[in-house]
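Here is a protein to walk through. Have the chain on screen and follow along, one feature at a time.

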Amino acid sequence: MSQVQLNIDELKDFLGHMIKNNQHIQANGKVPVAVNIEGDAGLGKTSSIKQLAKEQNMDVIMLNLAEFEELGDLVGFPVKEFQIQNAEGKTTWITEQQVEMAVKKGYKVVSKRMSHAAPEWIEGKGEGGFLILDDYTRADHRFMQATMSLIDQQSYASWKLPKNWHIVLTTNPDNGDYNVTSLDIAQKTRFISVEVKFDEKVWARWAETAGIDGRCINFLLMNPEVVTQSVNPRAMTTFFNSISSIPKFEDQLPLIQMIGEGSVGAEASTMFTMFINNKMDQIISPSDIMTNPNENYVVGALNSAVGTGDSYRADIASVIATRIVNFALVYAQDKSVPDAMVTRLTKLVTDCAAFTDDLQYYMVKEIINGNKVKWQKLMMNSSVVKMTLK
């Protein structure tokens with residue numbers, strides 16, 4: 001079955017649509033549609049759902065089916081229920097423990113049935129939430145089968161999910177690289193599947209907010225091909241966090257190589273040490289570019305990093321431009337943008353030889369689209385306005 005490939009930003013937009021659509025069809029008496037998010041380990045599938053839930057002010061329940069031992073813990077344990085009738089002929093269902101008290105109050109037992117009590121993980125939950133079935137295809141076949149009714153109908157036997165709940169499965173590719181159970185057609189047709197792909201620019205923006213070492217962000221932006229099924233973003237983050245306390249990478253190359261081989265493998269760690277040997281870890285930081293009061297120093301450092309003429313490094317210029325965009329957007333999330341920073345950015349996107357016209361346009365477009373309110377002063381420059389109208 002073919003699947004569309006989405007990066008994490010596109011995935012959040014897609015899930016946002018599914019929430020609205022599910023709310024619409026549920027209001028018309030239909031069952032919300034479940035979604036399966038497939039992708040390699042470490043791409044941020046689960047964390048992106050949690051982030052979206054936080055933004056939507058919705059609850060989250062995450063169940064890893066592979067960790068369940070008793071089926072009842074997943075779908076609830078069977079219970080005996082009794083239907084009782086009062087003097088006016090009205091009936092209701094009660095548990096076995098409530099029967100004695102009901103009979104004493106004059107109720108009559110008219111029938112009984114076997115049912116299922118709602119599992120502990122859903123008890124007390126109100127409207128609005130995500131049920132994440134994490135690593136779904138790593139579960140025992142019994143548990144996968146037990147969730148089919150839940151995925152298809154949002155209910156199991158006598159209990160159901162509250163209103164405005166959305167079921168999301170996360171899975172790894174069934175390509176021989178993961179120990180997973182294959183899904184058959186009966187299972188696949190119960191949900192919509194999308195595939196998550198790695199996007200270095202989306203990752204770099206996340207890394208900026210997560211406090212990943214800027215030197216390491218530069219490396220991955222310049223070498224996105226290093227991310228594979230065996231060396232995923234999670235492994236790279238572990239490696240980067242393990243060396244971030246080293247002030248000068250060039251002074252600890254053997255240690256960095258050793259840590260790298262133990263986390264991302266020999267090939268990726270060798271690429272990283274080559275990156276250090278080529279002084280790429282010493283590129284001026286976006287914070288320095290945007291906040292250093294010495295404009296001549298900043299322009300000189302930029303020109304030195306990217307070169308000129310036949311020596312111009314478009315790849316380095318692109319990395320720096322991406323870092324500036326991410327820094328600007330992350331900074332503006334919870335702070336007011338000072339005039340000095342607007343002035344510096346205006347200089348970079350209108351009168352800086354380090355960036356080509358397309359990179360200048362890229363920076364303006366991404367920053368304005370990302371936070372137009374905080375960066376609106378940027379649009380007061382006529383050259384910037386012209387650029388955005390191209």
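**Rings, charges and a pocket**

Start with a charge over a ring: the charged end of Lys335 sits over the ring of Tyr331, 4.8 Å from the ring's centre. The rule asks for NZ of Lys or CZ of Arg within 6 Å of the ring centre and within 35 degrees of the ring normal. Lys201 also lies over a ring face, that of Tyr362, at 4.5 Å from the centre.

A word on the source. This is a predicted model, in which local features need pLDDT of at least 70 and side-chain atom pairs count only at pLDDT 80 or more, while totals for chains, interfaces and linings use all residues. Residues are numbered from 1 along each chain as its sequence is written, and side-chain values use heavy atoms, with hydrogens and water left out.

Now look at rings beside rings. Rings of Phe, Tyr and Trp (its six-membered ring) pair if their centres lie within 6.5 Å; planes under 30 degrees apart are stacked, over 60 edge-to-face, and the rest tilted. The count here is 13 aromatic pairs. One of them joins Trp121 and Trp159, edge-to-face, at 5.7 Å centre to centre and 85° between the planes. Trp121 is in the loop between β6 (108-116) and β7 (129-134) and Trp159 is in strand β9 (residues 159-160), so this pair ties together parts 38 residues apart in sequence. Strands (E, at least two residues) and helices (H or I, at least four) are DSSP runs, numbered from the N terminus. Both Trp121 and Trp159 are buried, meaning under 20% relative accessible area; exposed is over 50%, and partly exposed lies in between (1.4 Å probe, protein chains only).

What angle do the planes of Phe239 and Phe272 make? They are at 75°, with ring centres 5.2 Å apart, so this pair is edge-to-face. Phe239 belongs to helix α10 and Phe272 to helix α12 (residues 266-277), so the link spans 33 residues of sequence. Phe239 is buried, at 0% relative accessible area. Phe272 is buried too, at 0%.

The largest pocket holds about 1400 Å³. A pocket is an open set of points on a 1 Å grid where a 1.4 Å probe fits, with protein on both sides within 12 Å along at least five of seven lines; lining residues have an atom within 4 Å of a point. Here 46 residues line the pocket, and Ile8, Asp9, Gln51, Val202 and Trp206 lie nearest its centre. Helix α2 gives the most to this lining, seven residues.

Conventions:
Points joined across faces, edges and corners; volume = space filled by probe spheres on them.
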